[in-house]
Amino acid sequence: MSGNIELLNTTLAATRAADRAALIAYLPAGFPNVDGGIEAVKAVIAGGADIVEIGLPHSDPVLDGPVIQTADDIALRGGVRIADVMRTVREAHEATGVPILVMTYWNPIDRYGVERFTAELAEAGGAGCILPDLPVQESALWREHADKHGLATVFVVAPSSQDARLATITAAGSGFVYAASLMGVTGTRASVGAQAQDLVGRTRATTDLPVCVGLGVSNAAQAAEVAGFADGVIVGSAFVKVMLDAPDEAAGLAAVRSLAGELAEGVRKR
């Protein structure tokens, strides 16, 4: 069975044709539990997210700040497994028709087996993977299997990436390019900063892939700012934080849906 890279491509083409950025939401699988995590994905899509990234919880999440680390810890202590990640992708995609990617560090895939992981993700209806710590020069095996199964390979670029390095990364990627708005870990910020706009411009000079910006966006004003120069606005920590702060699961789902609505309005005000 082929994965949904084409659905991802057409979704991003449609938002571009509508002269707006895509809203891309991140939520970890298994948080607050597997069933609750699936409902959270449905809620964020109902609120207006165009694309969703499902985080595969990891004990050493080098890109993730304290908010997502807390959620990952809750999921891991709850016993979340890769099978639960695949179930989250499957049920969320079947319920909504939205492209769903997995964001994961390389070690879990390596241990699970690249062929097994890509085949199961495609069978679940996944659109691809975001791989923040997989070096491009070591990605040939992954890309071979991802291509075979119709999955996007999304690499992360940073403000420190030199232009030649950007060209190498974007030539190997597919789906879109994840532009980290600043040097550091995920988390909400008071300002997204000018570094992000410069990085998007330099990245676009190397590729026709959409360039989507993550790290730091937490409200409609910031979403609108980033949507003014990027093809997609990626929000993670802000969604996780409202769930962590909610008094119960129902309130958390309502908060996620409400925040998604605000951010969706923001990306339309570019």
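1. Asp19 sits in the loop between α1 (5–17) and β1. Helices (H or I, at least four residues) and strands (E, at least two) are DSSP runs, numbered from the N terminus. Asp19 is exposed, with a relative accessible area of 56%; exposed means over 50% relative accessible area, buried under 20%, and partly exposed in between (1.4 Å probe, protein chains only). Its phi is positive, about 60°, although Asp19 is not a glycine.

2. A word on the basis of these points. This is a predicted model, in which local features need pLDDT of at least 70 and side-chain atom pairs count only at pLDDT 80 or more, while totals for chains, interfaces and linings use all residues. Residues are numbered from 1 along each chain as its sequence is written, and side-chain values use heavy atoms, with hydrogens and water left out.

3. The loop between β1 (22–28) and α2 holds Pro32. The peptide bond that joins Phe31 and Pro32 is cis, with omega about 0°.

4. The largest nonpolar core has 92 residues. Such a core is a set of buried Ala, Val, Leu, Ile, Met, Phe, Trp, Tyr and Cys residues joined through side-chain atoms within 4.5 Å. Val44, Phe117, Trp142, Phe176 and Phe239 have the most contacts inside it. Helix α12 (residues 249–267) supplies the largest share of this core, seven residues. In soluble globular proteins, nonpolar side chains tend to be buried together.

5. Which residues does Phe239 touch, leaving aside its neighbours within four places in sequence? Phe239 is in contact (heavy atoms within 4.5 Å) with Ala25, Tyr26, Leu27, Val44, Val256, Leu259, Ala260 and Leu263.

6. Helix α2 (residues 34–47) and α12 have axes that come within 7 Å and cross at roughly 30°. Axes are lines fitted to C-alpha atoms, for helices over the stretch in contact, and angles run from 0 to 180 degrees between N-to-C directions. The two helices are therefore roughly parallel, a label for angles under 35 degrees. On the α2 side the contact includes Gly36, Glu39 and Val44, and on the α12 side Glu249, Arg257 and Ala260 are among the residues. By class, the contact has eight nonpolar, three polar and three charged residues. Ala, Val, Leu, Ile, Met, Phe, Trp, Tyr, Cys and Pro count as nonpolar, Asp, Glu, Lys and Arg as charged, and the others, Gly among them, as polar.

7. Ala194 belongs to helix α9 (residues 194–204). Ala194 is exposed, with a relative accessible area of 65%. Ala194 and Met243 are 49 residues apart in sequence and 29 Å apart in space, C-alpha to C-alpha.

Technical notes:
Angles under 35 degrees count as roughly parallel, over 145 as roughly antiparallel, 65 to 115 as roughly perpendicular and the rest as oblique.
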